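The sequence and the structure are shown first.

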There are 2 protein chains.
Amino acid sequence: MNKWGDAAFNPRSIALIGASGQTGKLGYILMQNLQDGYPGLLYPINPREVEIMGHPAYPRIQDAPAPVDLAVIALPPESCVQAMRDCAAAGAKVALVLSGGFAEVGAEGAARQQAMLEIALQGGVRLIGPNCFGLYNCNLGLNASMGLGLPPKGGNISLVTQSGAYGMAIFGLARQRHLRFAKILSHGNKADLSDHEILDYLADDDETSVLCLFLESVSHGRAFFESLARAAQRKPIVVAKTGRSRAGQRAAASHTAALTGDATAFITAVRQAGAVLAESGLEMVDIAEALSRQPIPPGRRVGIITNSGGTGVELTDLCERFGLNVPELSPAVQAQITPLLPTYASPRNPVDVTPLWARFPAMYGGSIEAMYESDDIDIVIPILLQRSALMRENVEAVRDTVLRCQRERGIAKPTYICWVVGNEGEQTQAMLQDAGIPVYEWPERTARTAAAVAAYAEARRARAALPTTRETPPAGAYETASAILAHAHAQQRTILLENEVKQLLAAYGARIPRETLCTSPDEAVAVARALGNPCVLKIVSPDISHKSDVGGVRVGIAPEQVDTVFEEILATVQAKQPSAHILGISVQEVVRGQETIIGGLRDAEFGPLVMFGLGGVFVEVLHDISYRLVPASTGELQAMLREVRGYPLLTGVRGQPAVDLHALTNTLQAAAWLLDAFPQISELDLNPVIVGAEGAVVADGRAILSLS
Amino acid sequence: MNKWGDAAFNPRSIALIGASGQTGKLGYILMQNLQDGYPGLLYPINPREVEIMGHPAYPRIQDAPAPVDLAVIALPPESCVQAMRDCAAAGAKVALVLSGGFAEVGAEGAARQQAMLEIALQGGVRLIGPNCFGLYNCNLGLNASMGLGLPPKGGNISLVTQSGAYGMAIFGLARQRHLRFAKILSHGNKADLSDHEILDYLADDDETSVLCLFLESVSHGRAFFESLARAAQRKPIVVAKTGRSRAGQRAAASHTAALTGDATAFITAVRQAGAVLAESGLEMVDIAEALSRQPIPPGRRVGIITNSGGTGVELTDLCERFGLNVPELSPAVQAQITPLLPTYASPRNPVDVTPLWARFPAMYGGSIEAMYESDDIDIVIPILLQRSALMRENVEAVRDTVLRCQRERGIAKPTYICWVVGNEGEQTQAMLQDAGIPVYEWPERTARTAAAVAAYAEARRARAALPTTRETPPAGAYETASAILAHAHAQQRTILLENEVKQLLAAYGARIPRETLCTSPDEAVAVARALGNPCVLKIVSPDISHKSDVGGVRVGIAPEQVDTVFEEILATVQAKQPSAHILGISVQEVVRGQETIIGGLRDAEFGPLVMFGLGGVFVEVLHDISYRLVPASTGELQAMLREVRGYPLLTGVRGQPAVDLHALTNTLQAAAWLLDAFPQISELDLNPVIVGAEGAVVADGRAILSLS
């Protein structure tokens with residue numbers, strides 16, 4: 001259902017409602033922009049004019065002589081509702097509302113936006129905006145935006161930006177760097193058309209090979225995630241989102257019309273979908289430039305060529321710091337480079353050609369070629385500093401060598417230039433940019449971008465290698481779990497008993513400890529003797545959620561002490577919470593191993609997530625937690641375990657054996673299935689899940705239900 | 001002893017050895033640079049000329065008509081040794097050797113450098129370089145460097161750069177940003193004059209108010225640290241050093257003539273000295289600009305004014321991410337700003353003035369003023385994006401408001417501009433820069449710089465509040481420890497027994513567990529009974545360093561089991577290490593509490609360091625460790641505890657009580673004293689040191705001695 005997309009980006013006809021012949025007016029700028037390059041039918045709409053810039057003007061869109069694909073509305077906000085009515089009457093497919101004065105300015109504006117939206121929905125008009133900058137289809141010559149002038153054709157990056165002003169600043173920066181765009185869309189308040197629909201359209205758009213999203217809010221989070229995941233399978237997608245910090249969320253809420261979703265769920269969604277998360281608009285452009293113009297790096301090993309030793313070392317440091325490697329070159333590659341250099345220069349990595357400028361072209365060219373031919377290097381970064389950057393012949397040698405290796409010889413490795421020279425280098429810089437070789441100023445940005453791209457490439461390869469299958473839950477699990485939840489629901493309970501949580505997990509295939517609910521000391525002693533070892537005693541009450549806090553848990557109790565401890569627990573709990581209805585005391589086997597925590601939560605926009613962390617200080621002090629939206633593939637669940645910093649504890653460190661990762665993944669899977677199947681589970685907290693060399697056991701658990 | 005400094009930077013006379021009248025030659029460029037602005041006596045030295053650029057030339061420096069303060073040598077490397085001989089003969093105070101071809105080009109060059117150095121040392125000439133770019137004293141008009149042209153006067157930043165080319169690129173960047181310098185020195189191979197001497201000179205230099213150091217290597221690490229600490233008390237010092245990663249160290253070793261010191265010791269030294277550590281040359285300039293032109297921020301609360309909501313939110317996110325706060329403005333401040341804005345704009349933080357450009361000057365100016373007057377805000381960051389940056393009246397309003405608040409009203413808060421516009425903004429940008437208001441492009445760099453400066457300011461305040469006293473060791477500690485070490489030395493041992501390590505620490509005031517060395521099972525049982533609780537048994541042998549690895553440690557042994565376990569330990573150890581000489585088994589009390597690790601090591605350049613970390617996974621898996629060079633003040637030792645990520649475990653988390661931080665600091669202090677007093681201790685490993693609510697106990701320890 002991408003009819004809106006074709007109507008918006010490839011319209012056969014455009015009506016400009018609010019067109020004007022008066023210089024300086026928005027309707028004038030838009031008219032100019034449209035007639036500048038747009039090859040289709042253009043109808044200025046203005047009841048007070050008969051002709052604008054040589055085009056006959058019409059009083060209303062209904063009066064246009066042919067059906068309108070795209071209506072561009074640039075009127076005072078008060079007039080927009082009527083204009084939308086006209087669009088509906090005229091059968092316009094898409095209305096792009098540039099005007100501000102809607103939800104972003106308060107209640108009155110929000111009501112106006114709602115009225116306009118309802119008319120659009122009823123009339124079958126898709127609404128883009130309001131309060132947006134407009135759109136471009138550069139290759140068509142279409143500029144339906146407030147920005148002056150037509151960008152050059154032939155670009156392959158598309159940009160979707162919620163922020164008008166900042167989005168246009170990003171676009172300006174990119175143009176300054178000789179980047180070309182395919183399509184640009186600013187969707188402002190997103191009253192109707194939303195991110196996932198735009199994603200769906202641009203995922204299929206052959207002219208878009210890299211997609212940048214600059215977002216302030218996300219609506220329809222789950223649909224966004226699913227569209228993003230589909231689109232990311234087809235092309236690199238770079239996402240930046242503001243409002244990720246708490247203060248930023250507050251600021252965003254006071255700025256944009258939409259609510260800002262939770263940052264954790266958003267970040268999880270972007271990563272899980274396989275898109276690149278950029279920290280800022282600037283980083284988004286840097287990464288998009290690398291991805292759109294150069295091959296994806298086959299690995300993270302960087303080869304550096306420099307005419308300044310100090311800069312080479314700094315770039316090496318920064319590459320390593322951001323997770324790249326700058327390996328020694330093999331003797332064979334060194335032998336290839338050595339004859340090019342003066343005797344005292346280093347053929348190691350970085351290759352330091354020294355200030356011997358007369359030989360720059362041969363030294364740079366030859367070293368780059370050797371690195372392209374070598375199996376040691378995945379990414380080639382020439383540093384061009386002062387003279388080596390200003391010397392035309394050298395820049396040509398760098399450019400031509402890279403192009404020859406990539407295009408003629410088909411070696412798929414990227415080159416990024418680290419550029420250290422002032423404004424006087426503009427011309428030579430453009431020689432590289434125009435040849436599709438990205439130029440980054442100073443080592444830090446170069447290293448950061450290369451690292452982000454290498455991480456993306458690696459994640460893509462890892463993703464391709466992961467099992468993408470989603471397992472099916474055990475037969476009967478749903479029915480068993482439904483019964484347990486129905487029982488709690490019948491009792492109007494919002495908290496599940498520990499035992500019920502365990503039964504839910506067991507139904508979905510997780511292991512739980514052997515345990516028995518006992519109502520008398522004698523029964524407890526008998527159960528403890530049957531277990532054979534010291535055991536755990538835990539109070540069971542629908543009124544008690546945090547059992548330890550009321551003295552309701554005792555660990556490591558020998559069978560002969562069980563009756564005394566049984567009475568002690570009852571006495572303590574009754575003293576601390578006299579009103580609690582106590583069902584008995586559960587006697588459980590002790591399980592040994594590494595403590596982990598598996599949790600579940602439900603984001604308002606993105607739906608259910610599972611979380612994983614190691615027990616003890618890892619979650620509580622270090623906040624060392626990984627997340628996935630569910631449903632998630634087995635591969636994603638496995639990756640969750642590897643993502644936490646404490647992962648080495650699971651694979652065997654300090655003489656401990658490796659734990660049973662398979663069993664742990666199964667327990668995560670059980671939690672994920674539960675969250676997926678039962679929307680009434682709003683929180684799940686399996687703490688601890690104890691995992692040893694053989695098996696993982698859910699030793700305790702809580703769940704909170706919504707009453708709906 | 002700063003005679004070299006005055007001779008180098010304020011020479012009464014300069015001889016240029018290798019002066020030339022031939023365009024393009026280095027001796028020509030230097031001659032031009034020197035006669036361009038240098039007001040003192042200038043003697044070109046060239047045996048083949050009688051006059052150069054209007055100055056009489058002399059065949060040798062000895063032939064100059066007056067004593068020479070500064071000899072600048074620009075000759076082929078082969079001729080430099082003789083030139084240095086001449087300098088010594090002429091009594092030149094300083095020789096600045098620009099020529100390359102010395103230690104950086106291999107063994108032959110190194111020999112040449114050594115020969116030149118020896119002549120300089122014998123002749124009382126201080127040698128700067130060789131293989132360096134030269135020096136500037138901008139306010140004097142002195143350019144004794146390879147760089148063309150004379151920088152403007154009136155600057156207050158000085159730059160010391162080991163890297164010639166990169167240093168000059170940094171200098172060029174800074175000039176492009178209208179920054180002015182006081183003094184610049186490139187010292188290349190640092191054959192003689194080294195970092196700490198330069199630090200000493202520039203610390204006292206009244207024209208230098210901020211000092212930048214760009215280093216590739218550090219020699220005389222301890223002296224460097226001490227000079228840095230002294231200098232940092234007087235002015236902000238920003239340090240960048242390449243070769244911090246392992247690959248970077250390898251690259252540095254192949255590039256510079258000096259060895260690269262260990263990054264841990266270097267980083268510790270810079271922080272402990274109170275200097276700012278920059279991650280790159282670019283970040284160094286960014287931070288120096290902020291520190292040299294604006295007041296130091298009184299706190300980390302940022303106020304933002306923006307004409308683009310999206311950019312405001314992004315900057316907020318990035319500020320928070322780098323550790324700054326963007327708080328809500330108080331109702332009073334909001335009430336002050338609200339009347340300036342359109343009704344729908346947000347007076348919260350960020351203050352979003354919306355695209356209403358006609359009112360930019362009033363809205364920006366008024367909001368800035370309100371933030372200067374408010375107690376809620378420490379740092380004011382106006383975002384100038386597109387139109388707000390290009391509009392001259394608005395840039396004037398921003399500039400004039402900041403200057404009025406700072407200069408006329410004396411409000412000591414910094415303003416940094418976040419600048420989001422293309423090259424077309426050069427002129428308005430310069431208006432701000434020339435008024436001393438730093439401009440940073442795009443949000444990321446702005447936030448990063450503000451955060452670095454705020455962290456510096458906070459560390460400076462914290463440092464001022466810390467006890468700077470260094471405690472004195474307990475009486476008799478040195479004698480007791482000396483005796484223990486002498487005993488081990490007499491036996492030619494390089495490993496101390498656990499018991500000896502504990503006695504060393506006890507001598508310096510640390511607590512150790514009650515323990516007795518037992519040679520028979522019966523004796524062990526008696527000791528265990530006296531301790532009263534389950535105890536620890538540990539093998540004691542000078543040949544066994546890692547006792548657990550050979551089954552030599554058993555924990556939690558009840559008195560009645562002690563005889564059996566005693567025999568078991570002996571049997572296991574004898575089986576695993578039959579040749580070990582066993583002195584007995586130590587029976588020790590069990591100590592409970594949080595496990596920590598205190599260590600000591602000795603860096604070749606920087607001398608002894610203490611380290612601290614929490615036990616378990618913190619050190620081994622998370623590498624969560626803090627370091628200090630010793631001796632260190634009590635305040636520094638206290639700060640070490642707070643620096644580790646796991647610090648919350650010490651202050652009470654998860655229902656645990658806070659531990660005895662005072663006792664832990666005392667144990668760190670004992671280790672520090674030991675390392676300081678006894679250079680023969682090359683490694684110290686107190687693991688674990690167990691700390692509870694009352695007291696800290698060194699439960700186990702190892703030490704390695706050097707045999708010298």
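The sections below treat the arrangement of the chains, their contact, the domains, several helix pairs and some backbone features.

## Overall arrangement of the chains

The structure is a predicted model. Chain B is superposed on chain A by a rotation of 180 degrees, with 0.0 Å of shift along the rotation axis and an RMSD of 0.0 Å. The two copies are therefore related as by a two-fold rotation axis.

Which domains make up chain A? Chain A is divided into domain 1, which covers 1–131, domain 2, which covers 294–465, domain 3, which covers 514–590, and domain 4, which covers 594–705. Between domain 1 of chain A and domain 3 of chain A, the C-alpha centres are 71 Å apart.

## The contact between chain A and chain B

To the contact between the chains, chain A contributes 64 residues and chain B contributes 63 residues. On the side of chain B that touches chain A, the elements giving two or more residues include helix 5 (164–176), helix 8 (246–255), helix 10 (281–293) and helix 11 (309–321) of chain B. Helix 17 (442–465), helix 22 (617–620) and helix 24 (648–651) of chain B also belong to this group. Helix 11 of chain B gives the most to this side, with eleven residues.

By class, the side of chain B that touches chain A holds 25 nonpolar, 25 polar and 13 charged residues. Of the interface residues of chain B, 100% are also interface residues in chain A, so the copies meet through the same surface.

## Two helix pairs in chain B

A pair of packed helices is described by the angle between the two axes and the distance between them. In chain B, the axes of helix 18 (residues 477–490) and helix 19 (residues 498–507) come within 8 Å and cross at roughly 165 degrees. An angle over 145 degrees counts as roughly antiparallel, and helix 18 of chain B and helix 19 of chain B are therefore roughly antiparallel to each other. Their crossing is left-handed. From helix 18 of chain B, the residues B:Ala477, B:Thr480, B:Ala481, B:Ile484 and B:Ala488 meet B:Glu500, B:Gln503, B:Leu504 and B:Ala507 of helix 19 of chain B. This contact has six nonpolar, two polar and one charged residues.

Helix 3 (residues 77–90) of chain B packs with helix 4 (residues 107–123) of chain B at an angle of about 5 degrees, and their axes are 9 Å apart. Since angles under 35 degrees count as roughly parallel, helix 3 of chain B and helix 4 of chain B are therefore roughly parallel to each other. Among the residues in this contact are B:Cys80, B:Val81 and B:Met84 in helix 3 of chain B, and B:Ala115, B:Met116 and B:Ile119 in helix 4 of chain B. The contact comprises ten nonpolar, three polar and two charged residues.

## A helix pair in chain A

In chain A, how do helix 23 and helix 25 cross, left-handed or right-handed? The axes of helix 23 (residues 634–643) of chain A and helix 25 (residues 661–677) of chain A come within 9 Å and cross at roughly 115 degrees, and the crossing is right-handed. On the side of helix 23 of chain A, the contact is formed by A:Thr634, A:Leu637, A:Gln638, A:Met640 and A:Leu641. These residues meet A:Leu661, A:Leu664, A:Thr665, A:Leu668, A:Gln669 and A:Ala672 in helix 25 of chain A. The residues of this contact divide into seven nonpolar, four polar and no charged.

## Backbone features

In chain A, a cis peptide bond joins A:Asn687 to A:Pro688, with omega about 0 degrees. A:Pro688 is placed in strand 27 (residues 681–691) of chain A. In chain B, the peptide bond from B:Asn687 to B:Pro688 is cis, with omega near 5 degrees, and B:Pro688 is placed in strand 27 (residues 681–691) of chain B.

A:His220, a residue other than glycine, has a positive phi near 50 degrees. A:His220 lies in the loop between strand 12 (210–215) and helix 7 (221–234) of chain A.

Conventions:
Residues numbered from 1 in each chain as written. Chains lettered and ligands numbered in written order. Predicted model: local features only at pLDDT ≥ 70, side-chain atom pairs only at ≥ 80, totals over all residues. Contact = placed C-beta atoms within 7 Å. Helix = DSSP H or I, 4+ residues; strand = E, 2+ residues; numbered from the N terminus. Nonpolar A, V, L, I, M, F, W, Y, C, P; charged D, E, K, R; others polar. Least-squares fit on C-alpha atoms with pLDDT ≥ 70 in both. Domains from an automatic or database assignment. Axes fitted to C-alpha atoms, helices over the stretch in contact; angles between N-to-C directions. Parallel < 35°, antiparallel > 145°, perpendicular 65-115°, else oblique. Left-handed = near helix turned anticlockwise from the far one by under 90°.
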